[in-house]
Amino acid sequence: MRGSESHQHGHTARRRAIVVAYVAVVVAAATVVLVGCASPSILRPAGSAAEDIRTLALWVFGILMGVLITVWAILVYVIVTGRRRPESEASQTKGNLRIEIVWTAIPAVIVSVLFVLTLITTERIVSVDPVGTQFTAIGRQWWWDFRFPSLGFNSPNEVYVIQGRPTSIEVLSADVIHSFWVPQMGGKVQMIPSHVNHIAFVPLAAGTYLGECSEFCGAQHGNMRFQFVVVSAGKYSAWVRLQQQPAAEPTGAAAVAGKQVISSVGCGSCHTIRGTTLHGTFGPDLTHFGSRGGIGAYTLTNTPANLLRWIQDPQAVKPQCKMPQIPLPLAQQQQLVAYLEELK
Ligand code: CUA
């Protein structure tokens, strides 16, 4: 008898520990969701679509927490009241039509509310007029080809748009399926070869936001990032004027030598530098490379030391990327770095 009693005690204690652990996990998860993780969190929206999505997410979370709390409350009530009469049997309620109708109707109403809220959100997101800042985003293994054909320039891996005005983006891919995503601006859009998708939203808060690929696209999927910069109309015009300029003529001695090197070692078969003899289209346009913050789609930050590392061995920095290693003496590598960093 003693043995079986202590056995039962052990069971109860273990069950209580499991329940406590479960509650702790749920509370911790809810805290993380509500507080929001570090930037770029979808819970800190800075664009119209992201704001609509967050509002929907909070409604869904609230409704489902309501369901969870109600079910738990009923469960606890049943456990507590049931314990007072250990000898009695639960009453059997078979074929109670009213109860059947009630517990079919409640979930139907909840699902209908969620459905209508989702429809309203979707309608709000797709109703943004495709006017204002317009550009084309082409996904490539593994970088972002942002093109402004009507303005006459490309700006790989970094794009500026105007705060408070619609941004309209034509989205496609040059190789495999990628997905365009700026978490604080709005939802994801598939980038599909030979098929053009569109996304439009209004950037609401000025700032620099991380963009990333959200569809697995090969070895360097994780190193496929870009910067999405929201600025005033005046700053945007200044950026456009700068991007429209051809490449600056080098001034420093090393940079002048670097321009000779870059024209002679074959970089032009992949890269364009407007105003020079480089006209390749396979790799990123480098006309204003020095003005950008990243190297290799933000695999590295753009510093002379990092650029030297990149030129010396791209495969070590970003394995399987399409950039080949071109063997050059160190002095020439340093001249290349000096030239590229002057391309503001
Ligand atoms: Cu491109 Cu993942």
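Reply: We shall go from the overall chain to its cores and then to a pair of helices. Please bear in mind that this is a predicted model.

Me: How many helices and strands does the protein chain have?

Reply: The secondary structure amounts to 8 helices and 12 strands. Of the 344 residues in the protein chain, 28% are buried. Among contacts with a separation of 6 or more, 67% join residues 24 or more positions apart.

Me: Which residues have the most contacts inside the largest nonpolar core?

Reply: A nonpolar core is a set of buried nonpolar-type residues joined through C-beta atoms within 7 Å. Here the largest has 37 residues, and A137, V171, M185 and A297 have the most contacts inside it. Strand β4 (residues 158-162) supplies the largest share of this core, 4 residues. A second, separate core of 19 residues includes A255, V261, W310 and L343.

Me: With which residues is A297 in contact, leaving aside its neighbours within four places in sequence?

Reply: Those partners are W142, W143, W144, N157, N223, M224, R225 and F226.

Me: Which residues meet where α6 and α8 are in contact?

Reply: From α6, P304, L307, L308, I311 and Q312 meet Q333, Q334, L336, V337, L340 and E341 of α8. By type, the residues of this contact comprise 7 nonpolar, 3 polar and 1 charged.

Terms used. Residues are numbered from 1 along each chain as its sequence is written. This is a predicted model: local features need pLDDT of at least 70, side-chain atom pairs count only at pLDDT 80 or more; totals for chains, interfaces and linings use all residues. A residue is buried if 20 or more other C-beta atoms lie within 10 Å of its own, exposed if 12 or fewer, and partly exposed in between; C-beta atoms are placed from the backbone. Helices (H or I, at least four residues) and strands (E, at least two) are DSSP runs, numbered from the N terminus. Two residues are in contact if their C-beta atoms, placed from the backbone, lie within 7 Å. Ala, Val, Leu, Ile, Met, Phe, Trp, Tyr, Cys and Pro count as nonpolar, Asp, Glu, Lys and Arg as charged, and the others, Gly among them, as polar.
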